[in-house]
Amino acid sequence: MTLWLFPGQPLTPEPAVPDDDDFYAINELCRERCGFDLSHHLPLSGHNLSNHTCLQIYGVAMSLYRARRLRGTGITPDLIAEHSLGIYAALAAAGCLEEGAVLELVCGIGSAMATAFTGRQYALGCPIGLPVGPVESAARNNGVFVANYNTSRHFLLAGETSGIEAALGECLAAGAFSASHFPCEAPLHTPLLAELSTELTAIVAGYRFREPLVPLLEHINQTRLTSAAIPAFLVDELLQPVWWEKSWKVLRAKGFSRCSEVGSGQALTKFNRWIDSESTD
Amino acid sequence: MSEELIPHIKQMIIDALRIEGMSADEIDSDAPLFGEGLGLDSIDALQLVVAMEKEFGVVVPDAATGTKVFASVRAMSAYIAEHRK
């Protein structure tokens, strides 16, 4: 069985862009549907896209590109899983939505979030090395949220910048190996996104999702998505944390002979390596 | 003493990080492990910390120490030789 994993948003674009027809085709879709030039990582003239929206489009586009390349070598998935932003390219890979529509959708959602939270300072925090208890405690004490449960020792916090900085300080004092933070435009995967849920629901309602042709496992409850469940999931997943460790354990229990991370970077592969190393200790 | 550890450390890196298609001999003892060189990141760093503790009984307490220890394989070997019990 072949498993495809679609990763979340990359922190930065890759230093070089591919030079082949699949990349050009995806770039053309980015230009037509989003007003975004994938080759130069810039909005086209007249298109007002924030940096983070560009990065979100980039992440989805590179996943679409890598999926095309895999299919080109004859590799197709028997099961698909996703982490956060990875849901969009996963929907295309499962046949629920066309590639162009997926890019347009992520552009619409990204732009809505960037606009809605303008003027407020949010950040993502990444404490590494602490178990879940002290991380959840630091988040609670400082009014921020655990947005990603990636492994037993890798988490992502989201919330107001001042709260993230204070929570990371607490994590370091509690013995975290490292702690870093990055600005973001919206408090992704937290209940703070609820104020935007009506608008997000309206954006998603503009698309008709087909039934997945390949089983698609979602990252909240590790269930198979159906076409009827997709619209609500796309909004709900922005308000809830990503449970990657649970997802990977479910996937591993299903068994597979080949696993590919389909996107920019190797974050999921590294998380999975950590989770696997704990289960073999 | 620390020179003798180098082949062992290189194999530990390959095993801990599941680096495929590379032998221990291909890792440059003096190349940076993070950024350029092997291109490791903070997720890899924690994996190496755990592997070092398990393999050599040596603790890297925080990222600041890790930055120095993981500067190269040779730096790792010097740290292990100094802190090994």
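With which residue of chain A does Arg18(B) form a salt bridge? In this predicted model, local features require pLDDT of at least 70 and side-chain atom pairs count only at pLDDT 80 or more, whereas totals for chains, interfaces and linings use all residues. Residues are numbered from 1 along each chain as its sequence is written, chains are lettered from A and ligands numbered from 1 in the order in which they are written, and side-chain values use heavy atoms, with hydrogens and water left out.

The partner of Arg18(B) is Asp276(A), with the closest N and O atoms 3.4 Å apart. A salt bridge is a side-chain nitrogen of Lys or Arg within 4 Å of a carboxyl oxygen of Asp or Glu, and 4 salt bridges are found across the interface of chain A and chain B. Helix α10 of chain A (residues 267-279) supplies the largest share of the side that touches chain B, namely 7 residues; helices are DSSP runs of H or I with at least four residues, and strands are runs of E with at least two, numbered from the N terminus. The contact (heavy atoms within 4.5 Å) takes 14 residues from chain A and 18 residues from chain B.

Chain B contains 4 helices and 0 strands. The C-alpha atoms of chain B fill a box of roughly 35 × 25 × 20 Å along the principal axes.
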